[in-house]
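Please examine the structure shown below.

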Amino acid sequence: QVQLLESGGGLVQTGGSLRLSCTASGTFVSITHMGWYRQAPGNQRELVAQLSQSSGTIYADSVKGRFTVSRDNAKNAVYLQMGSLALEDTAVYYCKARILHAGAWQYDYWGQGTQVTVSA
């Protein structure tokens, strides 16, 4: 059983910053990739940023230059440093990890989500 625990969401004014954290716990071989998605009301869940062993770092165009994703492999953690926040960044942010288990099978796990609200 793998769990992803997120923290760091909250309320911030436009132009402000927030840092999200996500830590994976449980029994597994390794983490193939780890990153962040978000879902605003009425919208589909979308990729924000992801770190992958094979693909490197991926950012949504809307956050390039403002957000930075990083990992701490020793802690099985991924972070999202968000800056120059805008109203349209308001959403529930989800951590996602693709986990490699013994026996070479992989599975995508999601965190419970953390609310980020940007106010004018």
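**Backbone and disulfide features**

Tutor: At 25% relative accessibility, Asn76 counts as partly exposed, where buried means under 20% relative accessible area, exposed over 50%, and partly exposed in between (1.4 Å probe, protein chains only). This is a predicted model, in which local features need pLDDT of at least 70, side-chain atom pairs count only at pLDDT 80 or more, and totals for chains, interfaces and linings use all residues. Residues are numbered from 1 along each chain as its sequence is written, and side-chain values use heavy atoms, with hydrogens and water left out.

Student: What is phi of Asn76 near?

Tutor: Asn76 is found in the loop between strand S7 (67-72) and strand S8 (77-82); strands (E, at least two residues) are DSSP runs, numbered from the N terminus. Asn76 is a residue other than glycine, yet its phi is positive, near 55°.

Student: Does Ala104 count as buried or exposed?

Tutor: Ala104 lies in the loop between S9 and strand S10 (106-110). Its phi is also positive, near 70°, in a residue other than glycine. With a relative accessibility of 64%, Ala104 counts as exposed.

Student: Why is the disulfide of Cys22 and Cys95 left-handed?

Tutor: A search of the whole structure finds one disulfide, a pair of cysteine sulfur atoms within 2.5 Å. The sulfur atoms of Cys22 and Cys95 are 2.1 Å apart. The pair links distant parts of the chain, 73 residues apart, with Cys22 in strand S3 (residues 18-26) and Cys95 in strand S9 (residues 91-100). The disulfide is left-handed because the torsion about its S-S bond is about -80°.

Terms used: Helix = DSSP H or I, 4+ residues; strand = E, 2+ residues; numbered from the N terminus.
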